[in-house]
Amino acid sequence: MKVIHLSVECFPIAKVGGLADVLGALPKYQRKLGIDASVVMPWYDRKFTQENEFDSIASGSFYQGSELLQYEVLKEANDQLGFPLYLIRIPGKLDREEVYCYPDEADQWLSFQHAFLHWLKADQLTPDLINCHDHHVGLVPFLLKYSHEFQQFAHVKTLFTVHNGQYQGWMNWNKGILLPGFDTWRWGLLDWDGLINPMAAAVKCCDAFSTVSEGYLKELYVDANGLQSLFESESQKGYGIVNGIDTDYWNPQVDTLIDANYDLNTVSKGKLKNKKALCKKYKLDASLPLMSFIGRFATEKGAELLAEIIDQLLGKVKAKMIIFILGSGDQNIQSDLQQVLEKYPKQIAVYFGYNESLAHQVYAATDMLLMPSRVEPCGLNQLYALQYGTIPVVRGIGGLKDTVIDVQEPGGYGIVFPEARVEDAVEGVMRALEIVNQGDLLLEIRDREMKLDFSWHKSAQKYLDLYTKLLN
Ligand code: ADP
């Protein structure tokens, strides 16, 4: 079975969040199941593309509106990722340093999708199924079926995976002219509320759609940033498959990015060593319990609550603890955190920015990981936390609700609080702190956490089952 994953992020080439982690791992695990899985993504001017070898395997050109675009397809030469990786390079469109936030984002992703289809046609490639990930490639299911240029691929099955339904790729109808020619009377399939909506188009035109947890699938029927009625009306082709984690890379036993490796038997000593190393560097008192936050500073993540949560914990409640924040994003959130940092300099350390190896060190060092999310389609941070024997303190939503069982439930191993509210989060952290301060209970909880299996094996099999169903 030949499957192409289409995405604009893939670890380690270009990562902004969980989408990249999934693309960097799922195809590798699928290949172990016998699927001929590969990844096609845009070329970026980044470390990975500069430092690795690529073979130029195809090139061509097409019109995007009145602009003639030239593309080149580059294949990673040494198959070092565990799956074939193809990068599409288009001078002026797909040759940038960053993944997102360019003013011509719509043109950028349109050019990627068109170039991909153009290459399929020129090289007569015939995948059995194309797994499109998120709105950036959401027009592909429509174009396969209704673009004159690509009629020969109308039979190719498509699975559209929703990693985040909040972002839908909206564009004005004046962009319609940039699409490859299509049956114009099908325009309604592209439209939602007067705009071209690639996520809506994908849900309407794909053979099936999946979400990255079962809980999130149900939530989309009620709240999907305006698309809830669409998700509901298409629910007969909706599936929830929880993300896994790449245990070759996220594993305290072999992780080369942490100070001290450890396993189930050495977790206490190992975590303490990592904590001491982190605290030494950031001038924190390693004898106190450590709580951390890692992620984007966005309202989705409840990040604007962080400063207030910390202020309550360290000020009002006078909790004896230290806090580490690793993240970037909204400037107002950043300045609120800066203020709280200045108020409690001995108890807080903050790293503003993206730092992959520091993230590993924090998962390994920290006792608790806070996730006060408003929306969390799956969430990978809590899975990494569990793998590293860290107590996740999460708001019970989406994938967090599916993957974390509260310690008050039988077999529980984390803290789940009900709402993305300061009081709820503070209470959750205090409950976690109680566990951290009780040596025996902490050991028992860590033991339960590290025995859990959130590796990709099970979920890769579920994708295979779904692909098989679609192909039959
Ligand atoms: P998202 O909604 O951002 O995709 P996920 O929980 O699915 O959230 O995935 C987040 C991924 O990004 C994890 O691998 C996490 O460790 C990583 N991450 C987020 N922010 C940072 C950062 N500032 N530095 C390093 N890694 C980060």
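Author: Start where V267, S268 and K271 in α8 meet L443, R446 and M450 in α15; contact here means heavy atoms within 4.5 Å. Sorted by class, that contact has 3 nonpolar, 1 polar and 2 charged residues. (Ala, Val, Leu, Ile, Met, Phe, Trp, Tyr, Cys and Pro count as nonpolar, Asp, Glu, Lys and Arg as charged, and the others, Gly among them, as polar.) Before going on, keep in mind that this is a predicted model: local features need pLDDT of at least 70, and side-chain atom pairs count only at pLDDT 80 or more, while totals for chains, interfaces and linings use all residues. Residues are numbered from 1 along each chain as its sequence is written, and side-chain values use heavy atoms, with hydrogens and water left out.

Now, how do you describe two packed helices? You give the angle between their axes and the distance between the axes. Here α8 covers residues 267-282 and α15 covers residues 439-451. (Helices are DSSP runs of H or I with at least four residues, strands are runs of E with at least two, and both are numbered from the N terminus.) The two pack at an angle of about 95°, and their axes are 11 Å apart. Those axes are lines fitted to C-alpha atoms, for helices over the stretch in contact, and angles run from 0 to 180 degrees between N-to-C directions. So α8 and α15 are roughly perpendicular to each other, a label for angles of 65 to 115 degrees; under 35 counts as roughly parallel, over 145 as roughly antiparallel, and the rest as oblique.

While you're here, have a look at two spots in the loops. F11 and P12 are joined by a cis peptide bond, with omega about 5°, and P12 sits in the loop between β1 (2-6) and α1. Then there's C101, which isn't a glycine but has a positive phi, near 75°. You'll find C101 in the loop between β5 (85-89) and α3 (105-122).
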